[in-house]
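Hi,

Here is the structure I promised to pass on, with the sequence alongside. Please have it open while you read my notes below.

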Amino acid sequence: MQPLSFETDVADPLFRFAAGQDDKDTALLRSAFAPVAVLDFRHPARQFGVMMPLLRGRDEIVAAIVGSTNHLDTTHTITNIRYSQASTETVALAALIEAMHVEGEAPRRRLLLKNRIGVQLRHN
C-alpha cells in the first residue's frame, strides 16, 4: 500500500467536509466520510444550546449536517492542519476550523464557531 499523501489523503477530506456544507453539495459532503465514520459534535452543539447525539455512519452524519445547516449560509475556514502518520494505513490529524453560520431569513442571527478538531483517518 502506498504511503498517504498529505494533499489528497489527509487534507482533502477536511476540505470536502467544509466545501460540501458551504456549497450545499451533498455528494461532496458525503465523499468526506467513510461509511463507518463517527462524528462527535456534541460539545460545540451544546455551546449553541443544541443537543446533538453522537453520529455514526456516513448516512446519519450527512443527514444531520444537511438537516441542521441547509437553511443557513455557511463559510468554513480550516487552518493549522497537523498530522502524524502512524502507519501506511492510519493518520492522526488535528486542525482548527472556523465556521460562520448565518440564518438566511434572519441575517442578523449569526453563529461563529471556532473549534479544534481531532480526526483519525484510515487509508483503504
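His76 touches Ala18, Gln21, Asp22, Ile97, Glu98, Ala99 and His101, leaving out residues up to four places away in sequence. Do bear in mind that this is a predicted model. With Asp22, the contact is a polar one: the two side chains, of His76 and Asp22, are joined at 2.6 Å. His76 sits in strand S3. Is His76 buried or exposed? It counts as buried, because its relative accessibility is 14% and the cut-off for buried is under 20%.

The other histidine I looked at is His71, which lies in the loop between helix H4 and strand S3. His71 has a relative accessible area of 46%, so it is classed as partly exposed. Apart from neighbours within four places in sequence, His71 is in contact with Glu103 and Gly104. His101, one of the residues that His76 touches, has its C-alpha atom 9.7 Å from that of His71, and 30 residues separate the two along the chain.

Now to the sheet. Strand S3 covers residues 72-85 and strand S4 covers residues 90-103; the two run antiparallel and are joined by 12 bridges. Together S3 and S4 make a hairpin, with 4 residues between them. Strands of a sheet pair through backbone hydrogen bonds.

Which order do the strands of the open sheet follow? The order is S3-S4-S5, with 3 strands and antiparallel pairing. S3 and S5 (110-122) are the edge strands, each pairing on one side only. On average, and ignoring direction, neighbouring strands of this sheet are turned by 20 degrees against each other.

Last, the nonpolar core. The largest one has 21 residues, and those touching the most other members are Leu14, Phe17, Leu29, Phe33, Ile61, Ile65 and Ile78. Helix H1 (6-22), helix H4 (58-69) and S4 each supply at least two residues of this core.

Best wishes

Methods
Residues are numbered from 1 along each chain as its sequence is written. This is a predicted model: local features need pLDDT of at least 70, side-chain atom pairs count only at pLDDT 80 or more; totals for chains, interfaces and linings use all residues. Side-chain values use heavy atoms; hydrogens and water are left out. Two strands pair if DSSP finds at least two bridges between them. Axes are lines fitted to C-alpha atoms, for helices over the stretch in contact, and angles run from 0 to 180 degrees between N-to-C directions. A nonpolar core is a set of buried Ala, Val, Leu, Ile, Met, Phe, Trp, Tyr and Cys residues joined through side-chain atoms within 4.5 Å. Buried means under 20% relative accessible area, exposed over 50%, partly exposed in between (1.4 Å probe, protein chains only). Contact means heavy atoms within 4.5 Å. A polar contact is a pair of N or O atoms within 3.5 Å; within protein, one must be able to donate a hydrogen and the other to accept it, and residues adjacent in sequence count only if both atoms are side-chain atoms.
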